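Please walk through this structure one piece at a time. Keep the sequence and the model side by side while reading.

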Amino acid sequence: MIDSYFSRIISTFCLAGATMLLQAQTDEINAIKNNPAYYSCEGYGVTLDDANKNAKARLIESIKTTISSERERTVQTTSGANGTVINEQTETSISSYSYMSLRNIESVIVKDEPDAEVFVWISKAEVAKMQQERIDKIKDYVNTGKAAEKNLQIDDALRNYYWAFMLTKAGKDNNIMCEFDGEERNCLAFLPTKINSVIAQMKVGLEGCEYRDNRYYAKLHFTYNGRDVASVQFKYNDGQALEGPVAARDGIAEVEMLSMPADGKIRIRYEYIFRNEAETMSDEELKTVFKDLSTVPMKAMAEIPVKVNPSKRTMVMKPGNDAATNSVATNDMVKPELTEEKEMKEMETVSASDGYMKTMAAIENAIKNRNPEPAFSLFTPEGYEMFRTLIKETGKVSLVGAKQNYEFVKANGFIVARSCKVKIKYSNGKTFMENLVFRFNENTGKIESLAYGLTKKAETDIFNAASQWPDISRFTIQQFMEDYQTAYNLKRYDYLDKVFSEDALIIYGTVLKKAEPTVSDGKRLDLGTKNVSYQVQTKKQYLDRLKTLFRPENFIHLTFEDNRTKVINAPRIPKATAFAIQIKQIYYSPTYADTGYLTLVLDASQEQPIIHVRLWQPETSEFVDLEDFINKFKF
């Protein structure tokens, strides 16, 4: 009896407590609903997950409707030619939040499963902050595009300009301005003109054509504003279908055609959308834009006028002709972003003796036949394994052009055969041009190693880095960067294991919605960056991660472009042998692609330089000062 009495009292108190908590929750929800500083709404579903998704979707619609209503009261409308009412800025606000991944949304469960109900809210200040971050992202893309255009990296320039345009179009924001040629321009209106203008100033010509294996191989030469492009990507008609994309390099690309064009025109289409790359980026907003928004076509077609000779199975450029894109009105042409061309410091060349030339001829035959074995005796064991991997375990490798023009250079105790131009076509159709370099031992005459050569821009940056450097330092850095780049392309795990010091500091950044501070040995790592989360790994962790990337069915293509190199003072590294390199890295694989900036701190006091610090950052503007950076760590 007494137990029953006390039970009723306890139940009454519990019920009263629950009622008080429910009332407090209701009061809080009503306070947020009535507070003009927040957007809020309820969401419903059978499960809490369904209710959360419904609430967030309704929250976005609420934001769009509210902003639109506010704009309608303040924006003057105009009448169109047919009498319809136009309010572009109001339409802008309706769509501007559809592509924003809302963060810092707060929520409370109003009713549990089944028939769940969730209340969510977000501060208007947070939404405004995200809107500003999107504008900043658009401007960053534009500035990256301008820098790429200056360096004649036309594919990178078009990609960044177009992505900036698509993000602006997603928000239909008429107020985002970017500076071009000293003048502020409206991004939504101006970027299509800029993209078309860049493409219109591209020229492409036919340098040669040869017939083999029942196909026609046409060597193309690309220039921008009269200078060889560093890089550009395009697709082409092979006589039956559109093939590619092909990545031209240092002005040169080769296309493989099933038949000669009957109408005397080789048709190509420049890449500017880069949808696949956008869909593999970590930027969720950009992915959503390409998923939900129709792309806008640009004037990207070009026709190369050629004269065909069916009996000789060849074709040549028509005299006095070069190719241009579809015409762009003169008053719509935009002045290109270009920098002064730098001359590369001359290398010490050696005569192309019969021995070296015979070796290269044998290598060419091995590449043509896709069989490395006949060239086995020309290599050391390590050199041959690299050559075998290139031929057998990458893409389809073929020579570019009817004749190779080698340059033999004396460098770091090697005779280096430079500029063996090849094309590497991977299983997904992506094709890259590469300049291979072969390093001969001066004494034995055997090839000790091969590498994918750096771009002309990257080489020029290294050799002009400091006029007081001895040549051996320049060649050491050049050779190391060639080998490092090649190690990823050929999946040389053992080489990478050797070049990282055991206590190497390995840091890589990921662009996030909101960056968290990086922690190293329990301490915050402040690199002065925004919206980038940095992870610190040991050498073992990094190499274990590489093993998963080096799967047989996967491929990685790494390209280094413009860079900055300097001698630094670093603890535990002998004076004048510590180098810091900041280089633009273009990473491509079937499942992931990115463009970022790699910082390496090297100890070049030994024959094999050793990496003590590896830092990857997404933007050049995110660079920290090298001297400040190394002083943060002991290595």
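**Packed helices and buried residues**

Helix α4 (residues 124–150) packs against helix α6 (residues 187–200) at an angle of about 20 degrees, with the two axes 13 Å apart. Here axes are lines fitted to C-alpha atoms, for helices over the stretch in contact, and angles run from 0 to 180 degrees between N-to-C directions. Angles under 35 degrees count as roughly parallel, over 145 as roughly antiparallel, 65 to 115 as roughly perpendicular and the rest as oblique. α4 and α6 are therefore roughly parallel to each other. The crossing of α4 past α6 is left-handed; that word applies if the near helix is turned anticlockwise from the far one by less than a right angle, and right-handed if clockwise.

This is a predicted model, in which local features need pLDDT of at least 70 and side-chain atom pairs count only at pLDDT 80 or more, while totals for chains, interfaces and linings use all residues. Residues are numbered from 1 along each chain as its sequence is written, and side-chain values use heavy atoms, with hydrogens and water left out. Helices (H or I, at least four residues) and strands (E, at least two) are DSSP runs, numbered from the N terminus.

Which residues join α4 to α6? I138, V142 and E149 in α4 meet C187, L191, K194 and V198 in α6, where contact means heavy atoms within 4.5 Å. By class, this contact of α4 with α6 has five nonpolar, no polar and two charged residues. Ala, Val, Leu, Ile, Met, Phe, Trp, Tyr, Cys and Pro count as nonpolar, Asp, Glu, Lys and Arg as charged, and the others, Gly among them, as polar.

α4 also has helix α5 (residues 154–171) as a partner; their axes come within 7 Å and cross at roughly 160 degrees. That makes α4 roughly antiparallel to α5. α4 passes α5 in a left-handed crossing. Among the residues in this contact are R134, Y141 and K146 in α4, and D156, W163 and L167 in α5. The contact of α4 with α5 divides into nine nonpolar, five polar and five charged residues.

α4 itself has 27 residues and reaches 39 Å from its first C-alpha to its last, close to the 39 Å expected at 1.5 Å a residue. The expected span is 1.5 Å times one less than the number of residues. Just after α4, L152 takes a positive phi of about 65 degrees.

Next come some residues further along the chain. I266 is found in strand β14 (residues 265–270). With a relative accessible area of 0%, I266 is buried; buried means under 20% relative accessible area, exposed over 50%, and partly exposed in between (1.4 Å probe, protein chains only). I266 and N237 are 29 residues apart along the chain, and their C-alpha atoms are separated by 7.2 Å.

Y484 lies in helix α12 (residues 471–489). Y484 counts as buried because its relative accessibility is 0%. Leaving out residues up to four places away in sequence, Y484 touches residues including Y495, F500, Y542 and R614.

In helix α11 (residues 456–463), six of the eight residues are buried. For the protein as a whole, 51% of the 635 residues count as buried. The protein has 15 helices and 29 strands.
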